[in-house]
Amino acid sequence: MANRSLKAELGLDMPFEDVLHETVLSIIRTATLLSQSGAGLFRQFDLTPAQFNVLLALKYKNRDLTQSALSKRLVVTRASITSVLDKLEGKGLVCRERVPKNRRIYYVALTAAGRDMVEEVEPLYRERIHGLLAGLSQKECRAIIRSLERVRAGIGDSGE
């Protein structure tokens, strides 16, 4: 697909007057398209993007994670993580174990079936994102990462 401006993609009649606004909309549009592409893949395995993110986070943990720690790691609310975990537990992909001496806190872990699922889906996901980003060099990817890190740091500095 040839490069198209955001203006053309959105069917706008007039150009953007503000490059910062165009930048934010471009980031959001790109994130939405990437998310939709991943969602199509995950649907084939009866997973949502949020469920896959949980499975990946649990695969790559190096210590026990509580539900609260997992929600912070994935930047989602506790209510959201509880809902996602309920569904994954119902599918037999994760299990929750009470933290000793604290009946209100649970550790979350992959089950054998959860590990098998992530081992099956992750290579397909990586293949998909490699294809989607094939037009970018590693140097360009690193530049995008650094730019987005600066944006996030600025958001963090704003106190909101």
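Lys139, Arg142, Arg146 and Arg150 come together on the surface as a patch of positive charge. Lys and Arg are the positive residues in this scheme, Asp and Glu the negative ones, while His and the chain ends are not counted. A patch takes residues with over 30% relative accessible area and no salt bridge, joining like charges within 9 Å and nonpolar side chains (Val, Leu, Ile, Met, Phe, Trp, Tyr) within 5 Å. Each charge is placed at NZ of Lys, CZ of Arg, CG of Asp or CD of Glu. Areas are Shrake-Rupley values with a 1.4 Å probe, and for residues only the protein chains shown count as cover.

Arg146 sits in helix H7, residues 138-157. Helices here are DSSP runs of H or I with at least four residues, strands are runs of E with at least two, and both are numbered from the N terminus. With a relative accessible area of 45%, Arg146 is partly exposed; the cut-offs are under 20% for buried, over 50% for exposed and in between for partly exposed (1.4 Å probe, protein chains only).

## Where the model comes from

Keep in mind that this is a predicted model: local features need pLDDT of at least 70, side-chain atom pairs count only at pLDDT 80 or more, and totals for chains, interfaces and linings use all residues. Residues are numbered from 1 along each chain as its sequence is written, and side-chain values use heavy atoms, with hydrogens and water left out.

## Salt bridges

How many salt bridges does the structure hold? There are 7 salt bridges, each being a side-chain nitrogen of Lys or Arg within 4 Å of a carboxyl oxygen of Asp or Glu. One of them joins the side chains of Glu9 and Arg29, at 2.8 Å from N to O. Glu9 belongs to helix H1 (residues 6-10) and Arg29 to helix H2, so this pair ties together parts 20 residues apart in sequence. Glu9 is partly exposed at 23%, and Arg29 is partly exposed at 28%. Another bridge runs from Asp46 to Lys91, with the closest N and O atoms 3.7 Å apart. That pair links distant parts of the chain, 45 residues apart: Asp46 is in the loop between H2 and H3, Lys91 in the loop between H5 and S2. Asp46 is exposed at 53%, whereas Lys91 is partly exposed at 31%.

Over in helix H6, Arg126 and Glu122 lie 4 residues apart, about one turn of the helix. Their side chains meet in a salt bridge of 2.9 Å, N to O. Is Glu122 buried or exposed? Glu122 has a relative accessibility of 5%, so it counts as buried, while Arg126 is partly exposed at 40%. Both residues take part in a network of salt bridges that also includes Lys59 and Glu119.

A pair of aromatic rings is described by the distance of the centres and the angle of the planes. Rings of Phe, Tyr and Trp (its six-membered ring) pair if their centres lie within 6.5 Å; planes under 30 degrees apart are stacked, over 60 edge-to-face, and the rest tilted. That rule gives 3 aromatic pairs. For Phe42 and Tyr125, the ring centres are 5.6 Å apart and the planes are at 35°, so the pair is tilted. This pair links distant parts of the chain, with Phe42 in helix H2 (residues 19-43) and Tyr125 in helix H6 (residues 112-132), 83 residues apart. Phe42 is buried at 4%, but Tyr125 is partly exposed at 24%.

Phe52 is among the buried residues of H3, as is Lys59. Helix H3 (residues 49-59) is mostly covered, with 8 of its 11 residues buried.

## Two positive phi values

Most residues other than glycine have a negative phi. Val75 has a positive phi near 55°. Val75 is in the loop between helix H4 (67-73) and helix H5 (78-90) and is exposed at 71%. Lys101, also not a glycine, has a positive phi of about 70°. Its loop runs between strand S2 (94-99) and strand S3 (102-110), and Lys101 is exposed at 90%.
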